Amino acid sequence: MSLELTQIEQNMLAGEHGFAARKSMEILVALAKIYAADRMIPVSSVQVAGVSYDNLGDAGLEFIETMADGGGKARVLTTLNPAGIDIQDWQRLGVDEQFAKKQKQILTAFARMNVITTCTCTPYLAGNLPHYGEHIAWAESSAVCYANSVIGAKTNREGGPSALASAITGVTPQYGLHLTHHRKPDLCVEVTDKPDHSSEQLATSWFGALGKIIGQELERKAAKHIPLIRGLPGASLEELKSFCASIATYGGVGLFHMEGITPEADLFEHPPDILRIEAGAVDQMAEAMRQITSTEVDFINLGCPHLSIKEIAYIAHRLEGHSVNREFWITTARTTKQISDMMGYTQIIERSGVKFAADTCCIVAPIKGKYHTLATDSAKACYYGYAKNAFDIYFNSLDDILNLAIQDANREQSA
Ligand code: F3S
């Protein structure tokens, strides 16, 4: 199958739109050839990953500056994945000045390319929200899974350079999840287990553990699968973002169909193969993920993926009037924090001793070696906290982690 380019795409490739457009089209043409795409399709939204200086290093910084110097300009709405620092509050989080300088250079280069420098893995909560059926080019794995499976937009999981290339050209090669016949489910997952909503407002950790079970089962089958998940009573946005982050981390899943959630779930026949998740399996998995006891925790993080305003409101409600003595970060998009500021949630949370880290996260921030044991409700943070930052992990529900933070302080006060 040969690749056909439109006149404007050919002109970009020939360098008529400048260096950055040529480089971008070269990246996309190379991808199209690898995946046997026969054309490019327009995208309406881009999300670029690979933003933290911790991941990019000097070579990545140089690439982004070269693209900015080469006249690269985003043609479509483009936002970024979390940066290595909270650009407005990095000193308070103890980030090295040299690191902050390099991170600012990266964000400046993106801004020169008309990229909106809000840095979040939940772009759909920060104004970058495609609609059903829209073709987009997103890079963050949890957001890709959310866009395909919850919103019903269409994206492959892009790398940092290919996402930036799509921002600059406004197109992506048509292959993979952009094609309807590649979006068919090929395995049923029957879930008879249920989250216990009576003890927990938001069952984020339960959905994270479920994502890990299904993701690992799919990995074991060693073929790329698109599961159709049946039997769940429903799920909130927060539970779905946790589930998406987990199933993408442990199973490389870019699209699932969930009955009652995924807009396309009824379009396809149910596949015959069935994987069953029996009652109690998710709690067992959650227990197995809790490597250590709570007394060893020296760092608490909530916000992987970035917290919604509903989660922040709940945390403010739970922390009001308490003080917390361990290092505790709330990670969220700056735009979400601004709503929190406006509502007074930030003041309540900060008064308790908890810090906001906006537009960054506990995985891409340069904190390896600073803390040893991470408490989190995120299955994805369990994986990367250990793999990237060598943290021991205390995995538990949102409520249990808040209880841990509060009880700590209460115990000290009464001693
Ligand atoms: Fe987001 Fe960082 Fe977690 S990018 S999904 S908070 S690892």
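Author: What follows is a set of questions and answers on a predicted model, taken term by term.

Reader: What makes H8 and H13 oblique to each other?

Author: Helix H8 (residues 237–251) and helix H13 (residues 379–387) pack at an angle of about 45°, and their axes are 7 Å apart. Angles under 35 degrees count as roughly parallel and those from 65 to 115 as roughly perpendicular, and the angle here is about 45°; the two helices are therefore called oblique.

Reader: Which residues of H8 and H13 meet, and how do they divide by class?

Author: From H8 come Ala245, Ser246, Thr249 and Tyr250, which meet Ala379, Lys380, Cys382, Tyr383 and Tyr384 of H13. The residues of this contact divide into six nonpolar, two polar and one charged, with Tyr and Cys counting as nonpolar in this scheme.

Reader: Why are E4 and E5 said to stand at the edges?

Author: The open sheet to which they belong has four strands in the order E4-E3-E2-E5, with parallel pairing. Strand E4 (116–119) and strand E5 (137–138) each have a single partner strand, so one side of each is left without a neighbour in the sheet.

Reader: How do you know that E2 and E3 are paired?

Author: Two strands count as paired if there are at least two bridges between them, and strand E2 (residues 45–48) is joined to strand E3 (residues 77–80) by four bridges in the parallel sense. Within this pair, Val46 stands opposite Thr78 in E3. Helix H4 (residues 97–112) packs on the sheet, where it touches E2, E3 and E4, and the direction of H4 makes about 135° with that of E4.

Reader: What is the strand order in the open sheet of five strands, and which strands are its edge strands?

Author: The order is E13-E12-E11-E14-E15, and the pairing is parallel. Strand E13 (355–358) and strand E15 (392–395) are the edge strands, since each pairs on one side only. From one strand to the next the twist averages 25°. Inside this sheet, strand E11 (residues 299–302) runs parallel to strand E12 (residues 327–332) and is joined to it by four bridges, with Phe299 opposite Glu327 in E12.

Reader: How many cavities are counted, and what lines the largest cavity?

Author: With 30 Å³ or more as the requirement, the count comes to one cavity, and the volume of the largest cavity is about 60 Å³, a value that meets the cut-off of 30 Å³. The lining consists of Thr204, Lys241, Ser242, Gly303, Cys304, Pro305, Leu307, Glu311, Asp377 and Ser378, and by class it has three nonpolar, four polar and three charged residues.

Reader: What is the volume of the largest pocket, and which element gives the most to its lining?

Author: The volume of the largest pocket is about 620 Å³, and 28 residues line it, of which Arg157, Lys224, Gly252, Val253 and Gly254 lie nearest its centre. Helix H5 (141–151), helix H7 (204–220) and H8 are the elements that give two or more residues to this lining, and H8 gives the most, with three residues. By class, the lining divides into 13 nonpolar, eleven polar and four charged residues.

Key:
Residues numbered from 1 in each chain as written. Predicted model: local features only at pLDDT ≥ 70, side-chain atom pairs only at ≥ 80, totals over all residues. Heavy atoms only, no water. Axes fitted to C-alpha atoms, helices over the stretch in contact; angles between N-to-C directions. Parallel < 35°, antiparallel > 145°, perpendicular 65-115°, else oblique. Contact = heavy atoms within 4.5 Å. 1 Å grid on protein atoms, 1.4 Å probe; cavity = no way out; pocket = protein on both sides within 12 Å on 5 of 7 lines; lining within 4 Å. Points joined across faces, edges and corners; volume = space filled by probe spheres on them.
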